[in-house]
Number of protein chains: 2
Amino acid sequence: MNLDFLFYPESVAVIGASNKPGKIGNSIMRSVTMHFTGKVYPVNIKGEDIEVNGKVFKSYRSIRDIPDEVDVAVIAVPARFVPDVIDECGQKGVKAAVVISAGFKEAGNVELEEELVKRARKWGIRVVGPNCLGVTNIENGFDCNFNPPERQARPKFGGIAFMSQSGAFGAAILDWAARHEIGMSKFISLGNMADLDESDFMSYLKDDPKTGVITAYLEGVKDGRKFFQRAKETTVVKPVVILKAGRTEAGAKAAASHTGSLAGSYKIYEAAFEQTGVLSAKSMRQLFNYAKALTMQKPARGDRVAVVTNGGGAGVMMSDGLLEKGLRLAELSEETNEKFAKAVEEGKLPHHMSYRNPIDVIGDAPSKRYELAMRYALEDENVDALVVIALFQSPALDEGIVDVMERVQEYGKPIVFVAPGGDYPERMARRIEEKGVPVYETVGDGIDAIYALVKYGEWLRENGRL
Amino acid sequence: MNLDFLFYPESVAVIGASNKPGKIGNSIMRSVTMHFTGKVYPVNIKGEDIEVNGKVFKSYRSIRDIPDEVDVAVIAVPARFVPDVIDECGQKGVKAAVVISAGFKEAGNVELEEELVKRARKWGIRVVGPNCLGVTNIENGFDCNFNPPERQARPKFGGIAFMSQSGAFGAAILDWAARHEIGMSKFISLGNMADLDESDFMSYLKDDPKTGVITAYLEGVKDGRKFFQRAKETTVVKPVVILKAGRTEAGAKAAASHTGSLAGSYKIYEAAFEQTGVLSAKSMRQLFNYAKALTMQKPARGDRVAVVTNGGGAGVMMSDGLLEKGLRLAELSEETNEKFAKAVEEGKLPHHMSYRNPIDVIGDAPSKRYELAMRYALEDENVDALVVIALFQSPALDEGIVDVMERVQEYGKPIVFVAPGGDYPERMARRIEEKGVPVYETVGDGIDAIYALVKYGEWLRENGRL
């Protein structure tokens with residue numbers, strides 16, 4: 001399933017382009033010409049030239065008039081015209097059509113949608129949508145999303161791909177990811193999935209070298225058997241995290257009126273996710289807690305977690321959270337205990353610290369003390385993963401911690417960092433993330449992160465991949 | 001239990017004050033002279049004057065030398081000197097001592113702590129701590145916290161009081177609250193609770209007109225029977241939200257080595273919380289999700305929730321979340337359905353919107369359409385509370401929504417607002433919160449908020465207070 005022709009076009013036509021600010025056909029022109037370096041040809045019935053982002057684009061009355069090849073057509077004309085536009089695209093040799101237009105199946109117009117598919121099949125055109133925000137490839141700036149940047153920021157480039165059956169929610173996610181500096185590779189607004197569906201994109205993203213983790217918001221899968229097969233193939237290659245909505249009766253009813261999805265019994269989905277190694281998230285925050293950890297760190301080889309903290313209370317909360325999620329606090333080996341005891345004796349570590357796991361390096365710990373404790377924990381064979389909690393409110397904790405976090409990754413064990421608080425911890429978080437360790441704002445978020453690394457590691461081990 | 005003498009002193013002595021930046025006795029001087037308008041007298045054995053925040057404070061060798069009355073003494077001298085310092089405070093007529101110094105019970109020095117209490121009792125001095133960050137009264141700036149402002153911001157003044165058995169976590173909370181613009185009234189770092197304990201402060205805060213909601217991080221209560229009695233008295237007056245740590249075996253073990261708390265069986269705590277109407281939060285984020293809603297909105301008179309959204313997916317997730325938390329989606333009355341049908345017929349609302357609950361005003365909704373839908377929902381007798389979800393990524397949604405949110409509060413039913421995304425939604429959130437409606441970043445957070453309003457309403461009704 002190679003969809004590079006869709007995500008990496010050299011030339012794009014925007015059919016239904018408009019010169020009137022506020023119109024969808026204008027907003028799409030703004031988005032697609034903002035960062036994209038390929039060629040963009042507006043098409044509109046009046047042939048009016050389009051001025052966006054400080055540039056003027058010559059317009060064509062029909063895609064057939066464009067004196068160049070066109071790889072992808074972005075279509076934003078009234079629904080009833082779309083099948084004919086598809087024919088013109090076919091005549092032009094277009095490979096993919098991104099149909100933004102609404103007014104198909106979701107509005108009761110089932111036949112119109114069938115007609116759209118029939119025409120596309122005839123020409124061998126693959127279709128995204130209809131009734132969607134299209135695709136956004138953060139890497140090359142190919143962006144069909146009609147939400148303007150002043151309302152919806154675009155995230156930086158990174159390893160997380162996101163598919164959404166809800167366009168509006170997808171837009172909120174992009175905006176949210178941008179704000180929280182979460183890097184994304186590709187965004188797909190699935191729309192009605194008349195042709196390409198979540199399973200097709202999953203297969204494509206499996207082989208996409210720019211995508212490290214595949215995430216999705218889904219109300220229902222289009223073809224259960226196909227999804228099951230594709231998910232199984234995908235999760236042994238890279239992690240898949242899905243937020244399935246419509247889990248309750250009320251939610252399923254709402255989903256039926258939203259996307260027409262037969263949400264189905266959530267139990268069936270739960271079982272399918274478990275059997276295919278899909279990680280199931282219950283909320284947007286959890287989805288990204290999982291995804292960020294999985295893009296930045298290796299999966300864990302077991303569920304024994306060590307915790308190093310400069311705050312006892314945070315260590316208690318972390319212990320609770322790990323156990324409540326079914327993980328374990330690592331029991332440190334005799335050897336490790338002896339190392340700690342010796343370091344305390346030699347004055348390298350303070351007398352009143354606790355080196356039972358959670359390892360409490362206490363409130364006056366500088367980064368050097370953290371490093372020693374982390375190394376002892378990571379050297380221990382009984383430890384599969386490490387959570388580091390830093391309450392930066394204590395002025396004793398110096399910025400050397402940033403380099404420490406780079407160094408301690410040499411053990412090859414996954415590490416998650418938790419830094420609760422305000423502006424200062426957030427600045428430190430960004431610097432630590434540059435070193436490759438994901439940082440979370442709350443203990444609860446950090447628990448999600450480590451859970452994902454452990455669970456995905458389990459799945460890979462079960463399948464002989466770790 | 002009136003502790004105004006502790007939180008509203010006219011004159012304060014800082015015993016162990018230091019002129020050396022980085023020393024705790026210097027940091028406390030910085031904090032206490034930053035915003036506090038009362039008199040501050042440093043005391044140190046060398047009698048060296050203290051220069052902080054651009055001002056010079058004349059120092060005294062003993063509190064007895066201060067030529068003025070002293071209401072509160074903040075003590076930060078080595079533990080072994082504290083009992084004698086307490087005697088001096090007693091001779092001076094001090095009413096309350098905030099003992100920052102560590103090295104008491106938590107370090108195995110049980111007798112020293114008993115001696116401290118004995119001396120304080122003799123003089124009738126009430127003690128906060130030892131081994132704590134002291135108290136912070138955001139209202140008058142009386143702030144004993146030794147974390148410097150560049151590492152730990154102070155929140156703005158507002159209705160949430162917070163007590164913490166963990167100083168470090170308390171500091172992180174203050175920093176976090178500042179960042180998220182959550183207003184707080186008073187912060188109490190409980191420390192070892194040698195004298196004043198969580199129940200005493202709860203009783204004080206119950207009658208404190210500046211506190212709307214009482215929150216706490218606790219590993220264990222000091223006196224179960226006292227707590228039970230005080231909690232029962234308090235929750236009928238204002239909400240109490242507690243994050244109890246040490247819920248699991250591993251957490252309880254960690255708590256024992258942290259604060260020495262016998263965390264006890266969590267089941268017992270759960271039962272006690274339920275019987276006393278205390279809302280139990282599982283995470284820091286949940287604690288503040290609950291607290292923010294409870295300070296800003298009235299409790300709900302029932303569990304029937306209406307949802308108005310411009311995004312179908314968010315409506316589905318909200319439906320799931322409400323049901324998973326044991327709440328209900330309101331079933332709109334026949335009358336309300338007719339109102340909606342009529343408005344659609346008259347073109348005031350769009351044909352393709354869904355006015356089953358969740359009410360989907362769809363992606364192109366301006367604030368006027370939101371207002372109409374909200375009013376129909378709030379006028380319905382079957383609706384006890386309203387959740388409004390706004391995906392501000394859609395440029396159709398105008399800023400008139402801010403004033404709409406002010407107006408629709410006239411029905412007296414609690415309202416919670418959810419605005420997922422990045423910078424633009426956050427700016428709108430702050431403006432909507434100025435109108436009195438709490439705004440949340442994710443659907444999950446909004447679910448917490450409405451849950452708290454419904455649960456607290458139930459408790460008040462059970463007790464004939466609503």
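The model discussed here is predicted.

By that definition, D84(B) and Q91(B) of helix α3(B) are exposed, whereas V82(B), V85(B), I86(B) and C89(B), which belong to this helix of residues 82–92, are buried. Because the buried residues of α3(B) fall within an arc of 105° when seen down the helix axis, they line one face of the helix, and D84(B) and Q91(B) lie on the other side. In an α-helix there are 3.6 residues a turn, so residues three or four places apart point the same way. Just after α3(B) comes G93(B), which takes a positive phi of about 85°.

Chain A is assigned three domains, with the bounds listed here.

| Domain of chain A | Residues |
|---|---|
| domain 1 | 1–132 |
| domain 2 | 152–296 |
| domain 3 | 298–462 |

Taken over C-alpha atoms, the centres of domain 1 and domain 3 of chain A are separated by 50 Å.

The contact between the chains takes 63 residues from chain A and 63 residues from chain B. On the side of chain A that touches chain B, the elements giving two or more residues include α5 (167–179), α8 (249–258) and α16 (443–462), while α11(A) gives the most, with 10 residues. The residues of this side of chain A divide into 27 nonpolar, 26 polar and 10 charged.

Technical notes: Residues are numbered from 1 along each chain as its sequence is written. Chains are lettered from A and ligands numbered from 1 in the order in which they are written. This is a predicted model: local features need pLDDT of at least 70, side-chain atom pairs count only at pLDDT 80 or more; totals for chains, interfaces and linings use all residues. Domain bounds come from an automatic or database domain assignment. A residue is buried if 20 or more other C-beta atoms lie within 10 Å of its own, exposed if 12 or fewer, and partly exposed in between; C-beta atoms are placed from the backbone. Helices (H or I, at least four residues) and strands (E, at least two) are DSSP runs, numbered from the N terminus. The arc is that of the directions from the helix axis to the C-beta atoms. Two residues are in contact if their C-beta atoms, placed from the backbone, lie within 7 Å. Ala, Val, Leu, Ile, Met, Phe, Trp, Tyr, Cys and Pro count as nonpolar, Asp, Glu, Lys and Arg as charged, and the others, Gly among them, as polar.
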